[in-house]
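The stops below move from the whole chain to single residues.

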Amino acid sequence: DGRLEIDNNRSERSIKPFVIGRKNWLFANTPRGAKASAIIYSVIETAKENGLNPFKYLMHLFEQLPQLPDPKNPEALDSLLPWSPSLPLTCRVFKS
């Protein structure tokens, strides 16, 4: 399929920070700590892949999540997902 990239450089570049920092993951000395690290890493990398500034996106999440009426309702979280068009422009990274 000519639409596919011929190599996997993009995917390798996206996991490089994780591979370089793998020694740091040794300090997640409990299963709960490892799970928390995996979750935050996943949120940050997904934000980057969706063209968001991870710091500003996390700030937005920390401001909005406590205000949700029913945080366990999946529909309530839809507007906070990294691919949501309703995220504020301040969370977006604009490339020139």
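Predicted model: local features only at pLDDT ≥ 70, side-chain atom pairs only at ≥ 80, totals over all residues.

Residues are numbered from 1 along each chain as its sequence is written, and side-chain values use heavy atoms, with hydrogens and water left out.

Now colour the chain by pLDDT, the predictor's confidence in each residue on a scale from 0 to 100. The chain has a mean of 84, and 89% of its residues reach 70 or more. Confidence is lowest in helix 1 (residues 9–20), with a mean of 75, and highest in helix 3 (residues 54–64), at 95.

Switch to a cartoon, where helices (H or I, at least four residues) and strands (E, at least two) are DSSP runs numbered from the N terminus. The chain has four helices and zero strands, and reads α-α-α-α along the sequence.

Next, colour by burial, where buried means under 20% relative accessible area, exposed over 50%, and partly exposed in between (1.4 Å probe, protein chains only). Of the 96 residues in the chain, 16% are buried.

Which residues make up the largest nonpolar core? Such a core is a set of buried Ala, Val, Leu, Ile, Met, Phe, Trp, Tyr and Cys residues joined through side-chain atoms within 4.5 Å. Select Ala47, Leu52, Tyr57, Leu58, Leu61, Leu68, Leu80, Leu87 and Cys91, the nine residues that form it. Helix 3 gives the most to this core, with three residues.

Stay on helix 3 and show the side chains of Tyr57, Leu58, His60 and Leu61, which are buried there. They lie on the same side of helix 3 because they cover an arc of only 155° around the axis, the arc being that of the directions from the helix axis to the C-beta atoms. The face turned away from this buried side carries the exposed residues Phe55 and Phe62. Helix 2 (31–49) is included in what covers the buried residues of helix 3.

At the N-terminal end of helix 3, select asparagine 53, which caps it through a side-chain oxygen 3.0 Å from the backbone nitrogen of phenylalanine 55. Proline 54 is found in helix 3 and is partly exposed, with a relative accessible area of 22%. Leaving aside residues up to four places away in sequence, Proline 54 touches Ile44, Ala47 and Lys48, where contact means heavy atoms within 4.5 Å. Proline 54 and cysteine 91 are 37 residues apart in sequence, with their C-alpha atoms 7.7 Å apart in space.

For the last stop, select leucine 87, whose contacts, with residues up to four places away in sequence not counted, include Leu52, Tyr57 and His60.

Note on methods. Polar contact = N/O pair within 3.5 Å; in protein donor to acceptor, adjacent residues only side chain to side chain.
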